[in-house]
Amino acid sequence: MKNSLQTVLLVITLFAFHTATAQENFEKTTLVKNIFSALKSQDETKVIESLATKEELLYLIPIVQANSSENIPEVATIIANFKTEAAKDFQEVLRKGTAFNVQWQDIQLQTVHHEPQGDNKIPVEMADIILVCNSNDVDFEVILRKSIKIKDNWRLMDRIKFRLL
């Protein structure tokens with residue numbers, strides 16, 4: 001009885017340790033680096049580079065279609081809409097931050113964390129990725145909503161939001 005209890009505790013400890021060490025370091029992802037660099041330089045082209053590519057969307061669409069009855073537009077339409085919305089959201093983040101005295105060229109990245117947003121119907125990893133930043137004694141978050149991991153790359157798929165802390 002004592003040996004089986006020790007074995008169970010060992011297995012639980014190994015699973016807990018594996019989960020803790022298997023967490024992705026979001027600060028080092030290309031998506032976070034691109035968005036932070038875009039904010040610092042106020043360059044929306046870096047945001048556009050963080051969107052899903054045509055090839056990634058062509059990979060993702062059959063997965064979504066197989067698990068959803070959703071009508072999916074053409075890839076070119078998706079890309080055009082993503083670019084327009086991402087540029088608009090980025091400009092809104094810059095405007096809001098500036099209104100609260102954020103000096104974009106001086107921002108510091110404090111931490112990055114994520115909130116999983118998985119959809120049980122679609123077998124892909126999704127999360128809100130949150131960049132916690134500081135500039136000119138202003139603490140704020142930039143939230144990359146419903147970012148998605150496609151072929152081991154995190155991509156911006158939804159809104160970018162600004163929130164004061």
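Biologist: How much space lies in the largest pocket?

Modeller: This is a predicted model. In it, the largest pocket holds about 570 Å³ of space.

Biologist: Which residues are closest to the centre of that pocket?

Modeller: Leu60, Val64, Glu70, Phe82 and Met157 are the closest to the centre, out of 19 residues that line the largest pocket.

Biologist: And which elements give two or more residues to the lining?

Modeller: Those are helix 4 (54-66), helix 5 (75-99) and strand 3 (138-150). Helix 4 gives the most, with 4 residues.

Biologist: How does the lining of the largest pocket divide into nonpolar, polar and charged?

Modeller: The lining has 13 nonpolar residues, 2 polar and 4 charged.

Biologist: Switching to the helices. At what angle do the axes of helix 4 and helix 5 cross?

Modeller: The axes cross at roughly 120° and come within 10 Å.

Biologist: Is the crossing left-handed or right-handed?

Modeller: Helix 4 passes helix 5 in a right-handed crossing.

Biologist: Which residues make the contact?

Modeller: On helix 4, Lys54, Leu57, Leu58 and Ile61. On helix 5, Val75, Ile78, Ile79 and Phe82.

Biologist: How many of the residues in that contact are nonpolar, and how many charged?

Modeller: The contact of helix 4 with helix 5 has 7 nonpolar residues and 1 charged, with no polar ones. Phe82 belongs to this contact and is also one of the residues closest to the centre of the largest pocket.

Methods. Residues numbered from 1 in each chain as written. Predicted model: local features only at pLDDT ≥ 70, side-chain atom pairs only at ≥ 80, totals over all residues. Heavy atoms only, no water. 1 Å grid on protein atoms, 1.4 Å probe; cavity = no way out; pocket = protein on both sides within 12 Å on 5 of 7 lines; lining within 4 Å. Points joined across faces, edges and corners; volume = space filled by probe spheres on them. Nonpolar A, V, L, I, M, F, W, Y, C, P; charged D, E, K, R; others polar. Axes fitted to C-alpha atoms, helices over the stretch in contact; angles between N-to-C directions. Left-handed = near helix turned anticlockwise from the far one by under 90°. Contact = heavy atoms within 4.5 Å.
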